[in-house]
Amino acid sequence: MIRKFTIDEDILLDDANPAVTTVGVSNHHVHLCQADMDKLFGPGYSLHPKKKLTQPGQFAAEETLTVIGSKGMIENVRILGPLRAETQVELAETEARLAGIKALLRDSGDLEGTYGCILLGPNGYITIDHGVICAVTHLHLSDEEAAPLGIKDHQRVDIFIKTGDKAGCLFNIPARVGKMHAKDLHIDTDAANAFKITAESRAIVLLNECKTE
Ligand SMILES: [Zn+2]
């Protein structure tokens, strides 16, 4: 069934509209657990924050790693802090394929059954047997930002995204709502390139009352 719908694109110019979101491009990155950081950087090492991220408490570190697969390597992959319980490598599909690494499409933290790779740091290398993912596009919202839209945590929404003459829709995007979140649509570099995303790009959250979870 095809349902016809229209989108008022003028809304994109109104950052005060609760349905309008910025678009944050997640470049490839690594989250480390303490044990893996000790092996890669030396025992007791701690990350040096370089830049705050849009999500509260999270930062990009000065430190980077080399991610190695069966066909090649990806250098200067930034580590994001703080440390996590489990090491996770987030890659875009294009670069994962080039490096010969299998990256399953997963939500952050959902690592069971995923594939691994080799990580190389200044103190040595480790082989992880799982933890590589291609992260699902997702929308972050604080409680206050989600309330006027009626969006609950884990609810799926549709998104209209436009930069210049490039436009399209993304469907079934999970929302992450709560006090540890701030409004931003997170897409990886493959999706960002497909939509020619720039810092000025905006997207509209399309409310679909058929979707309640
Ligand atoms: Zn995110």
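Reader: What covers the buried residues of α1?
Author: The cover of the buried residues of α1 includes β4 (59-68), β8 (115-121) and β9 (124-135). Two residues are in contact if their C-beta atoms, placed from the backbone, lie within 7 Å. Helices (H or I, at least four residues) and strands (E, at least two) are DSSP runs, numbered from the N terminus.

Reader: Before we go on, what sort of model is this, and how are residues numbered?
Author: This is a predicted model, in which local features need pLDDT of at least 70 and side-chain atom pairs count only at pLDDT 80 or more, while totals for chains, interfaces and linings use all residues. Residues are numbered from 1 along each chain as its sequence is written.

Reader: Which residues of α1 are buried?
Author: In helix α1 (residues 34-41), the buried residues are D36, M37 and L40. A residue is buried if 20 or more other C-beta atoms lie within 10 Å of its own, exposed if 12 or fewer, and partly exposed in between, with C-beta atoms placed from the backbone.

Reader: And where do they sit around the axis?
Author: They lie on the same side of α1, because they cover an arc of only 100 degrees around the axis. The arc is that of the directions from the helix axis to the C-beta atoms.

Reader: What follows the helix α1?
Author: G42 follows α1, and its phi is positive, near 110 degrees.

Reader: Let us turn to β5. Which way does it pair with β4, parallel or antiparallel?
Author: β4 and β5 pair in the antiparallel sense over six bridges. Two strands pair if DSSP finds at least two bridges between them. A60 has L80 in β5 as its bridge partner, and the two strands form a hairpin with four residues between them.

Reader: What about β2 and β5?
Author: Strand β2 (residues 29-31) pairs with strand β5 (residues 73-81) in the parallel sense over two bridges. There, H29 stands opposite R78 in β5.

Reader: What is the phi of N76?
Author: N76 has a positive phi of about 60 degrees, although it is not a glycine. N76 lies in strand β5 and is exposed, since 10 other C-beta atoms are within 10 Å.

Reader: Which form does the peptide bond from G81 to P82 take, cis or trans?
Author: The bond from G81 to P82 is cis, with omega near 0 degrees. P82 is in the loop between β5 and β6 (88-90).

Reader: Changing topic: which strands make up the barrel?
Author: Six strands close into a barrel in the order β1-β13-β10-β12-β11-β14, with mixed pairing. On average, neighbouring strands of this sheet are turned by 40 degrees against each other, direction ignored. Axes here are lines fitted to C-alpha atoms, for helices over the stretch in contact, and angles run from 0 to 180 degrees between N-to-C directions.

Reader: How do β10 and β13 pair?
Author: Strand β10 (residues 138-141) and strand β13 (residues 184-188) pair in the antiparallel sense over three bridges. The bridge partner of H140 is D184 in β13.

Reader: What does E145 contact, leaving aside its neighbours within four places in sequence?
Author: E145 is in contact with P18 and K183. E145 is found in helix α3 (residues 143-146) and is partly exposed, with 19 other C-beta atoms within 10 Å. The C-alpha atoms of E145 and A182 are separated by 7.9 Å, although the two are 37 residues apart along the chain.

Reader: Which domains are assigned?
Author: The assignment, automatic or from a database, gives domain 1 (9-24 + 137-206) and domain 2 (27-135). Their centres, taken over C-alpha atoms, are separated by 25 Å.

Reader: How many residues are in contact between domain 1 and domain 2?
Author: Ten residues of domain 1 are in contact with eleven residues of domain 2. On the side of domain 1 that touches domain 2, the elements giving two or more residues are β13 and α4 (189-194).

Reader: Where does K196 lie?
Author: K196 is in the loop between α4 and β14 (202-206). With 13 C-beta neighbours inside 10 Å, K196 counts as partly exposed.
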